[in-house]
Amino acid sequence: MAQLPQLDMQKMQMVQELEIEMMSDMYNRMTQACHKKCIPPKYKDAELGKGESVCLDRCIAKYLDIHERIGKKLTQMSMQDEDFVKRMQGGEQPKS
């Protein structure tokens, strides 16, 4: 019984590390994609121009919105899968 909490702590740490890795990957992809889209390859000024700033704001907002939508959809699908497994283990027929 004493090993159960340790196992849960290991799983939680693994989940946290995976989440950090996924967020870091998303941030890097977002940075690269929005930079490529909004900032010309040859810099003219040291500061961002108004158009570049607006483009970056919109690009990042879209990226984060899509990330949130995908997260919600994956959570929903995961919950449905868990319900399906529980029904199958209980001998229930899947709902059509």
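The model is a predicted one, and in it both Cys34 and Cys59 are buried.

A disulfide is also formed by Cys38 and Cys55, whose sulfur atoms are 2.0 Å apart, and with -70° about the S-S bond this link is left-handed. Because Cys38 lies in helix H1 and Cys55 in helix H2, the pair ties together parts that are 17 residues apart in sequence. Cys38 is buried, at a relative accessible area of 8%, whereas Cys55, at 22%, is partly exposed. The count of disulfides comes to two, and with bonded cysteines counted along the chain their pattern is 1-4, 2-3.

The largest nonpolar core consists of six residues, namely Met30, Cys34, Cys38, Ile39, Leu56 and Cys59. Helix H1 (3–38) and H2 each contribute at least two residues to this core, and the largest share, three residues, comes from H1. Beyond its neighbours within four places in sequence, Leu56 is in contact with Cys34, His35, Cys38, Ile39 and Leu48.

Leu74 belongs to helix H2 (residues 50–89) and, because its relative accessibility is 52%, counts as exposed. In soluble globular proteins, by contrast, nonpolar side chains tend to be buried together.

Terms used
Residues numbered from 1 in each chain as written. Predicted model: local features only at pLDDT ≥ 70, side-chain atom pairs only at ≥ 80, totals over all residues. Heavy atoms only, no water. Helix = DSSP H or I, 4+ residues; strand = E, 2+ residues; numbered from the N terminus. Buried < 20%, exposed > 50% of the residue type's maximum accessible area, 1.4 Å probe, protein only. Core = buried A, V, L, I, M, F, W, Y, C linked by side-chain atoms within 4.5 Å. Contact = heavy atoms within 4.5 Å. Disulfide = S-S within 2.5 Å.
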